[in-house]
Amino acid sequence: MDYNERYLLLLSEQFPDIASVTTEIINLEAIMELPKATEHFISDLHGEYDAVSHVLRNGSGNIKEKIREIFQNRLSSNEMNQLATLVYYPEEKLERILMDMTSVEEKNEFYTLTISRMIELGQFVVSKYTRSKVRKAMPKDMSYILEELLFKDSILTNKGSYYWNIIQNVIELDAANRLIEALSELMQELVVDHLHVLGDIYDRGPSPDKIIDLLIAQKSIDIQWGNHDAIWMGAASGSRVLIANVLRICARYDNLEIIEDGYGISLRPLVAFAEATYPDESIKEFMPKIDDTIDRFPEEVSQIAKMQQAITIIQFKLEAQVIKRHPEFQTDNRLFLDKLNLEKGTVLVDGKEYALKNTTFPTVNPEDPFKLTEDEEYVMAKLQAGFLNSERLQKHIAYLYSKGSLYKVYNENLLYHGCIPMNDDMSFMSVEIHGRSYAGRELLDQFEKSMRQAYAAKGTNEDENPDLDYMWYIWQGEGSSLFGKTKMTTFERYYIEDEETHHEPKNIYYTLRNEKECAELILKEFGIQPDRGHIVNGHTPVKERKGEDPVKAEGKLLVIDGGFSKAYQPTTGLAGYTLLYNSFGMLLVSHQPFSSVADAVEHETDIVSTRRIIDKELERLQVRQTDVGLRLEDQVVQLKKLLHAYRNGTIRPRVV
């Protein structure tokens, strides 16, 4: 028996007779004629849970757009805004609306009108999907009522009183709120069919853990890892140098709560060590970036600064150990603790002497500057155990590995976070990994292989996990697709006043990506037809305030990081780009800063969005023309083979 016959026999277990095969072929062919479902692209979330949650709830303005399409000549702007807010935040908005209503009649009138409008909106949202898909997406407790109301007969009117009765009974039985919530949940899920997250879920903002919980609830999603995700992935794998990086960044942005409260990792050893080792007069350069809306005791701020100072020195020592182990990384220019002259208060950088802003290095031994002290070793051992044993962190990182990759080819579009490292002549940069050089697509494949192997071998013994060092290189190496710069000037920014030393030159990719020739070269490297495909790129905030355009290479490359992170918004002038790709084409959506959930509910404010058509299809795309369609086409081919086998007697039907 050959492979094809064995496959058909297995397929016959799922479709045991001619009738079931025929039904499935008809079903799949019908699905392929439906309009292409909407894809939603977001990037660089940086822990900003409220803003990210809002963008997912409103589908980057997709809900509001559908409301306008249906009700623009029937409802006022205020009425449309209220309906949109009910879809985004049904529970909170209902509570706010109903508190101003005193009579039962007024409430019943509101419920009847609102449910009728939401059913009409829901019918429009689900119209491009099969009934089976919609049924699966329905909240179970309301599925019967939703199915009856959403798929009601719009032509024959002899069931009008039947549908009216359903709504009135729902209101009478105090189930109106739940029905509105269920309709909202269904529309939020179906207004976008598939979500692409182009990296950097972690760092800067306070709640990356809540964002991952939000993403876990998504039905259809893929994630392209960012550089800030990579350090958390490495830290969860047991890399002490990346644990130090994670803690330094959290301390710098006053986000240590994510470590202790979010992931249950104790920082007491680090706190005790920092307090005992670093004096108050040495912490000026390490003061955290405090959110003005959060009250902090001065003593607490000083403590965070000392923790940042302590973990920064530990980071420099651990990085030096990685650099010494890997001369092929060519990162010797990141070694500074052996170039200090504390008597003169200077440091050598690229052969030039600079004055130090801070000369407090109590744990650095001039005879062996890169060796951790006994206390530092103890602190790192405790922290490493904390990261490895945090159940919630490990669950989140495992999710990133299961849904993620360094790049994704999806519906003829290439998705990645950072860059494709390149040389000045537009050739792909080579990087040595485990003794062999790789470039282009092969390089990203090898980086991803190292990241997966590092997590598979996670543990306290770093000597038994050689790929951990490559995860550090992926974080800040010159040839890393996630970093894309020649160096990370962490030491210089903390210790040297001269801003010339703070400069981090970008890979030439960030200049070349403006050229159509470069974008087409990259698309070909990843097996995509340049005339059809696009590159969707995150990582670098688009400085719209300075006139930068997120659409590059004559529309072949789109940058969708406009800055969800509040830290970037003064520079960028906006609060993020997202992208929608539906059956009509591609829409780039820009967003203004999100105020708060309370403001959205009370004042019906939304993230003000501007939509820009990037690529309009001449003919509306069908499922048949997508990656899903290709898989369905293959299933139809195999089912037709099974049908033929049933009819010619090669395979006996299992049911008569």
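Residues are numbered from 1 along each chain as its sequence is written, and side-chain values use heavy atoms, with hydrogens and water left out. Because the model is predicted, local features need pLDDT of at least 70 and side-chain atom pairs count only at pLDDT 80 or more, while totals for chains, interfaces and linings use all residues.

The protein chain is divided into domain 1 (3-34 + 626-648), domain 2 (58-191) and domain 3 (208-502), with bounds that come from an automatic or database domain assignment. Between the C-alpha centres of domain 1 and domain 3 there are 50 Å.

The largest nonpolar core has 156 residues. A nonpolar core is a set of buried Ala, Val, Leu, Ile, Met, Phe, Trp, Tyr and Cys residues joined through side-chain atoms within 4.5 Å; buried means under 20% relative accessible area, exposed over 50%, and partly exposed in between, with a 1.4 Å probe and protein chains only. Helix H17 gives the most to this core, with 12 residues. Domain 2 and domain 3 each supply at least three residues to this core. Those with the most contacts inside the core are Ile201, Leu215, Trp232, Ile259 and Ile397. Leaving aside residues up to four places away in sequence, Ile397 touches Tyr202, Trp232, Met233, Ala236 and Tyr455, where contact means heavy atoms within 4.5 Å. A second, separate core of 37 residues includes Met422, Met426, Ile535 and Leu588.

Helix H18 spans residues 374-389; helices (H or I, at least four residues) and strands (E, at least two) are DSSP runs, numbered from the N terminus. Its 16 residues reach 23 Å from the first C-alpha to the last, close to the 22 Å expected, the expected span being 1.5 Å times one less than the number of residues. The buried residues of H18 are Glu376, Val379, Met380, Leu383, Gln384, Gly386, Phe387 and Leu388. Among the elements that cover them are helix H13 (227-236), helix H14 (240-252), helix H17 (298-325) and helix H19 (391-403).

Strands S4, S5 and S6 form an open antiparallel sheet in that order; two strands pair if DSSP finds at least two bridges between them. Strand S4 (340-341) and strand S6 (352-355) stand at the edges with a single partner strand each, so one side of each has no neighbour in the sheet. S4 is joined by 2 bridges to strand S5 (residues 346-349), and Asn341 stands opposite Thr346 in S5. The hairpin of S4 and S5 has 4 residues between the strands, and Gly345 takes a positive phi near 70° there. S5 and S6 pair over 4 bridges, with Thr346 opposite Ala355 in S6. In their hairpin, 2 residues lie between the strands and Asp350 takes a positive phi near 55°.

Tyr129 is in the loop between helix H7 (104-126) and helix H8 (131-137). Tyr129 counts as buried because its relative accessibility is 8%. Its contacts, not counting residues up to four places away in sequence, are Leu34, Ala37, Val134, Leu190, Val192 and Asp193. A polar atom of the Tyr129 side chain lies 2.7 Å from the backbone oxygen of Leu190. The C-alpha atoms of Tyr129 and Pro35 are separated by 8.4 Å, although the two residues are 94 residues apart along the chain.

Methods
A polar contact is a pair of N or O atoms within 3.5 Å; within protein, one must be able to donate a hydrogen and the other to accept it, and residues adjacent in sequence count only if both atoms are side-chain atoms.
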